[in-house]
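This report describes one protein chain for a reader who has not seen it before. Please look at the sequence and the model first.

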Amino acid sequence: MKLDSNDEDDVALFDAEEDSATRKKRIKHPMASFFHLFFRVSAVLVYLLCGSFGGSFIACMVTIILLLSCDFWTVKNITGRLMVGLRWWNQVDDDGKSRWVFESRKASGSQSSASRSSNAESRIFWLGLIICPVVWVIFAFFALISFKIKWLAVVIMGVVLQGANLYGYVRCKVGARTNLKNMATNYLGRQFLKQVCDSEASS
């Protein structure tokens with residue numbers, strides 16, 4: 001009888017570990033994940049289609065700006081909080097000073113498994129957050145060298161809105177009190193020291 005009870009305990013433990021691994025891979029918020037990519041990818045596609053096939057510039061510009069605005073609001077207020085547990089905002093204190101607030105959710109205890117973001121959602125969030133601003137920077141470069149001045153304003157709008165969300169969430173991730181310039185300096189210093197040590201070891 002004892003052997004049977006031990007077997008049952010082992011099976012329960014194995015199932016719990018399998019369920020935990022499945023939860024990490026599962027997308028907990030499919031709607032948030034969809035709209036995290038929908039608006040920003042749609043804005044890129046509309047820009048490419050308008051630039052390639054022509055059409056009314058005013059209609060294209062309004063459509064792209066609306067998509068970018070919807071993306072900025074959605075990512076800032078909804079998808080960041082649901083998918084990775086991060087949020088940022090600006091508030092004005094009683095003395096009239098503007099202050100930026102960066103928050104990171106810290107789950108603990110019994111709430112950690114329920115509130116912790118899955119790896120799949122985190123990957124979707126950060127890939128979409130990083131790749132799209134890079135795409136708009138590339139668009140800005142080509143618009144500048146091809147002298148498409150009227151499109152340059154639209155592209156700059158994409159860089160600013162999506163770059164603002166990227167900057168805000170990076171600040172949330174690394175900590176509101178962390179100086180990004182110091183982080184970059186320390187990283188470059190470590191890389192330089194590593195190269196020096198490697199060159200000395202090889203010689």
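In which helix is I131 found? I131 is found in helix α5, residues 119-145.

## Basis of the model

This is a predicted model, in which local features need pLDDT of at least 70 and side-chain atom pairs count only at pLDDT 80 or more, while totals for chains, interfaces and linings use all residues. Residues are numbered from 1 along each chain as its sequence is written, and side-chain values use heavy atoms, with hydrogens and water left out.

## Overall layout

The chain has seven helices and two strands. Helices (H or I, at least four residues) and strands (E, at least two) are DSSP runs, numbered from the N terminus. In order from the N terminus, the elements are α-α-α-β-β-α-α-α-α.

Of the 203 residues, 27% count as buried. Buried means under 20% relative accessible area, exposed means over 50%, and partly exposed lies in between (1.4 Å probe, protein chains only). The accessible surface is about 13,600 Å², and carbon and sulfur atoms hold 64% of that area. Accessible areas come from the Shrake-Rupley method with a 1.4 Å probe; for residues, only the protein chains shown count as cover. Among contacts (heavy atoms within 4.5 Å) between residues at least 6 apart in sequence, 70% join residues at least 24 apart.

## The strand pair

Strand β1 (residues 86-92) pairs with strand β2 (residues 98-104) in the antiparallel sense, over seven bridges. Two strands pair if DSSP finds at least two bridges between them. R87 has E103 in β2 as its bridge partner, and N90 stands opposite W100 in β2. Five residues lie between the strands of this hairpin, where G96 takes a positive phi near 90°.

I131 is partly exposed, because its relative accessibility is 46%. I131 also belongs to a nonpolar surface patch of about 850 Å², made by L127, I130, I131, V134, I138, F141, F142, L144 and I145. Patches are made of residues with over 30% relative accessible area and no salt bridge; like charges are joined within 9 Å, and nonpolar side chains (Val, Leu, Ile, Met, Phe, Trp, Tyr) within 5 Å. A salt bridge is a side-chain nitrogen of Lys or Arg within 4 Å of a carboxyl oxygen of Asp or Glu.

F147 lies in the loop between α5 and α6. Phi of F147 is positive, near 60°, in a residue other than glycine. F147 counts as exposed because its relative accessibility is 68%.

Helix α6 (residues 149-174) has 26 residues and reaches 37 Å from its first C-alpha to its last, close to the 38 Å expected at 1.5 Å a residue. The expected span is 1.5 Å times one less than the number of residues. The buried residues of α6 include W151, L152, Q162, N165 and C172. V160 lies in α6 and is partly exposed, because its relative accessibility is 49%. V160 and V137 are 23 residues apart in sequence, and their C-alpha atoms are 9.7 Å apart in space.

D71 is found in helix α3, residues 57-83. D71 counts as buried because its relative accessible area is 1%. Leaving out residues up to four places away in sequence, D71 touches H36, F39, R40, Q162 and N165.
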